[in-house]
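My notes follow the structure.

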Amino acid sequence: MASEEPQAKKVKLSEEDKPASATKTSPVKLSPNTLFGMGNPLLDISAVVDKDFLDKYGLKPNDQILAEDKHKALFEELIKKFKVEYHAGGATQNSIKIAQWMIQEPHNVGTFFGCIGKDKFGEILKKKAEEAHIDAHYYEQDEEPTGTCAACITGDNRSLVANLAAANCYKKEKHLDLEENWALVEKAKVYYIAGFFLTVSLESILKVAKHASDNNKIFCLNLSAPFISQFFKGNLMQVMPYVDVLFGNETEAATFAKEQDFETEDIKEIAKKAQALPKVNTKRQRIVVLTQGKDDTVLMSGDKVETFPVLKIDPKDIVDTNGAGDAFVGGFLSELVREKPLAQCVKAAHYSANVIIRRAGCTFPEKPNFV
């Protein structure tokens, strides 16, 4: 049973960042572009597949990888062989969409930057972002097509194979550095970037992270997948000193701990050690949030590690776990941006994840039923 103590903990924005109406007795009034995300916009191609399909392409039932040469034929075969559904995706964009869905009003609280192609899939992504009421500003180029992500579903597991394509072509100097785009970054109070973007534009992440740190705003990062901690460790650790909120799941946490020589497999100890890593902005102590699927979520804040049980769900009600982690973060961010207590942030995270796993892809009903 989680203690009641986190109810007293609120993640404060700096005084100058607070709206004039935000007092102890009134809720924080949100305005457009308060939440900023930057990442890899992808068109999800989702289908229920069989074990033979996974084996053919060397896929694990529950994993996230970048497409290699051996996966080139996978996307076409998936579309031909199975019944597919298309969804606007990409980890960070999903989380910003979920946060906006949880917030509802005003529209465009969430801003999103990423790179797409000048093609049909790119047009679909723009339309989907508009429908989700997020303020997406894509860098559009014609050298690479819009990125795709195959979501291969078996039971309640999903294996994601991302072909970044255009998403891999984001250019800081051609988009983030533009005056009108940087003005949107400056408007934000909370920033979220999934670790996947570390493979694309470290310099863009560092520019945003340093801005957040210098202005005492909240910068959040996700470990995203084991391969990030393994093969992009250098990039990850350049950004880590600026991270105010670190997200991850138990598998990612275990790999991160191994790569950092934490010499422990205990998830609570991993959370403590991750929190203790060097940090530039000492006004804020790092918060570490680690999920464990159906098991308790671990939250390290201040000098305490606390656990929060997830919402129970009958296994037969699970349609697709694709997007559950993104939804968790989106729910968390929706309350964080409103300066709610951390326990409430976790509650919202559990709610949104519970909604998403009952549906195909990272989709949601018209309105949340959350209080």
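Two strands count as paired if DSSP finds at least two bridges between them. I kept in mind that this is a predicted model.

Entry 1, the sheet. I checked β3 against strand β8 (residues 157-163) and found four bridges joining the two, which run parallel. I also looked up Ile65, whose bridge partner in β8 is Val161. I then traced the open sheet of five strands and wrote down the order β3-β8-β7-β2-β4, with mixed pairing. Which strands are at the edges? I noted β3 (63-66) and β4 (85-89), each of which pairs on one side only. On average, neighbouring strands of this sheet are turned by 20° against each other, direction ignored.

I found α3 lying across β2 (42-48) and β4, and running at about 85° to β4. Helix α4 (residues 120-131) also packs on the sheet, where I saw it touching β2, β4 and β7 (147-154). The direction of α4 makes about 95° with that of β2.

Two packed helices are described by the angle between their axes and the distance between the axes. For helix α3 (residues 91-103) and helix α12 (residues 324-336), I noted axes that come within 7 Å and cross at roughly 45°. I therefore recorded α3 and α12 as oblique to each other. Their crossing is right-handed. I listed the residues that meet: among them are Ile98 and Met102 in α3, and Val329 and Leu333 in α12. I sorted the residues of the contact of α3 with α12 into eight nonpolar, five polar and one charged.

Key:
Residues are numbered from 1 along each chain as its sequence is written. This is a predicted model: local features need pLDDT of at least 70, side-chain atom pairs count only at pLDDT 80 or more; totals for chains, interfaces and linings use all residues. Side-chain values use heavy atoms; hydrogens and water are left out. Axes are lines fitted to C-alpha atoms, for helices over the stretch in contact, and angles run from 0 to 180 degrees between N-to-C directions. Angles under 35 degrees count as roughly parallel, over 145 as roughly antiparallel, 65 to 115 as roughly perpendicular and the rest as oblique. A crossing is left-handed if the near helix is turned anticlockwise from the far one by less than a right angle, and right-handed if clockwise. Contact means heavy atoms within 4.5 Å. Ala, Val, Leu, Ile, Met, Phe, Trp, Tyr, Cys and Pro count as nonpolar, Asp, Glu, Lys and Arg as charged, and the others, Gly among them, as polar.
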